[in-house]
Amino acid sequence: MYGRPVNEPHGHPIAELIKTVLSQHTNDRNRDRAFAALRERFPTWEEVRDAPVDEIEAAIRPGGLGKSKAPRIQAILAQLGEPPDLDWIETAARERSLEYLLSLPGVGRKTAACVLIFTWGIPEIPVDVHIHRVGGRLGLFPEKAPFERAHDEMLAVVDPEDAYELHMNLIAHGRALCRPKPRCGECDLRRLCPWYRKNGGGASSMRAAGRRELPGGPANTAK
């Protein structure tokens, strides 16, 4: 339905970590604007760490929630050594890397998973709201499972080499069809979907039954 996205790890763990913090409670465009403004104003991570917090807040304002994100970013950077460094994670044991990332201020499982898979291609499936909704409906884990359990369940049911593809395509599906009000009539997965069998797809979905055109493809995918 959405093609086979290819992961191209970029090798910049601190950038991925800070960008993921900026992504919280905003869309990708605003996140990217905030990140670009931060890097333009403060070219090094030491400068970001040591700047007055109100200047960090002003730089990341396009991403929203600057009052909470700015001190969190500086607190994270303060724990990454001198100079700030996460490059050691590339060759460290996954359990040690995950434990360390989760020890950083305000870093949860999704953020840690993003750092691992997008920086180095270490198999992870960051569970955001789309994956939690779609995975629950498809029966990959209980619909109301805590996000922590959802991460573990997803890793248990997918081969490591398929983690990135499944992550990206579940997000694409959640944005395109398996929305809070799902468009089940357009979905090729409905014959496999426990939620569809239980709910009949819902009135809005049934009006769409028989329509086979699918939106976008890879252009709709994003972290």
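The second largest pocket has a volume of about 270 Å³, in what is a predicted model. Its lining is made up of Met1, Tyr2, Gly3, Leu138, Leu140, Glu165, Leu166, Asn169, Leu170, His173, Leu189 and Leu192. Helix H10, which spans residues 163-176, gives the most to the lining of this second largest pocket, with five residues. By class, the lining of the second largest pocket holds eight nonpolar residues, three polar residues and one charged residue.

**The chain as a whole**

- The secondary structure of the protein chain comes to 12 helices and zero strands, and the pattern read along the sequence is accordingly written as α-α-α-α-α-α-α-α-α-α-α-α.
- The protein chain has 223 residues, of which 46% count as buried.
- Among the contacts in the protein chain with a separation of 6 or more, 62% are accounted for by residues 24 or more positions apart.

**The largest pocket**

- The largest pocket has a volume of about 460 Å³, and of the 22 residues that line the largest pocket, those closest to its centre are Ser23, Gln24, Lys110, Asp128 and Val129.
- At least two residues of the lining of the largest pocket come from each of H1, helix H2 (28-41), helix H7 (109-120) and helix H9 (147-157), and H7 gives the most, with four residues.
- Sorted by class, the lining of the largest pocket has 10 charged residues, eight polar residues and four nonpolar residues.

**The cavity**

- The structure holds one cavity of 30 Å³ or more, and about 120 Å³ of space lies in the largest cavity.
- Of the 15 residues that line the largest cavity, His173, Cys178, Cys184, Cys187 and Cys193 are the closest to its centre; His173 is also one of the residues that line the second largest pocket.
- Helix H8 (129-138) and helix H11 (194-199) each supply at least two residues of the lining of the largest cavity, with H8 giving the most, at three residues.
- The lining of the largest cavity divides into 11 nonpolar residues, three charged residues and one polar residue.

**Helix H5 and its buried face**

- Helix H5, residues 66-78, has 13 residues and reaches 18 Å from its first C-alpha to its last, close to the 18 Å expected at 1.5 Å a residue.
- The buried residues of H5 are Gly66, Lys69, Ala70, Ile73, Gln74, Ile76 and Leu77, and, seen down the axis of H5, these buried residues fall within an arc of 160°, so they line one face of the helix.
- Lys67 and Ala78 are exposed on the other side of H5.
- What covers the buried residues of H5 includes helix H1 (13-22), helix H3 (45-50) and helix H4 (53-59).

**His132 in helix H8**

- His132 is found in helix H8, and His132 counts as buried because its relative accessibility is 13%, the cut-off for buried being under 20%.
- Leaving aside its neighbours within four places in sequence, His132 is in contact with Val127, Phe141, Glu143, Ala145, Pro146, Phe147 and Ala150.

**Backbone features in the loops**

- A cis peptide bond, with omega about 0°, joins Glu82 and Pro83, and Pro83 has its place in the loop between H5 and helix H6 (94-103).
- Pro83 counts as partly exposed because its relative accessibility is 47%, a value that belongs to the class between the limits of under 20% for buried and over 50% for exposed.
- Although Pro83 and Trp45 are 38 residues apart in sequence, they are 8.2 Å apart in space, taken from C-alpha to C-alpha.
- His25 has a positive phi of about 60° although it is not a glycine; His25 is found in the loop between H1 and H2, and it counts as exposed at 74% relative accessibility.
- Leu65 has a positive phi of about 55° although it is not a glycine; Leu65 lies in the loop between H4 and H5, and at 47% relative accessibility Leu65 counts as partly exposed.

Note on methods: Residues numbered from 1 in each chain as written. Predicted model: local features only at pLDDT ≥ 70, side-chain atom pairs only at ≥ 80, totals over all residues. Heavy atoms only, no water. 1 Å grid on protein atoms, 1.4 Å probe; cavity = no way out; pocket = protein on both sides within 12 Å on 5 of 7 lines; lining within 4 Å. Points joined across faces, edges and corners; volume = space filled by probe spheres on them. Nonpolar A, V, L, I, M, F, W, Y, C, P; charged D, E, K, R; others polar. Expected span 1.5 Å × (residues − 1). Buried < 20%, exposed > 50% of the residue type's maximum accessible area, 1.4 Å probe, protein only. Arc of directions from axis to C-beta. Contact = heavy atoms within 4.5 Å.
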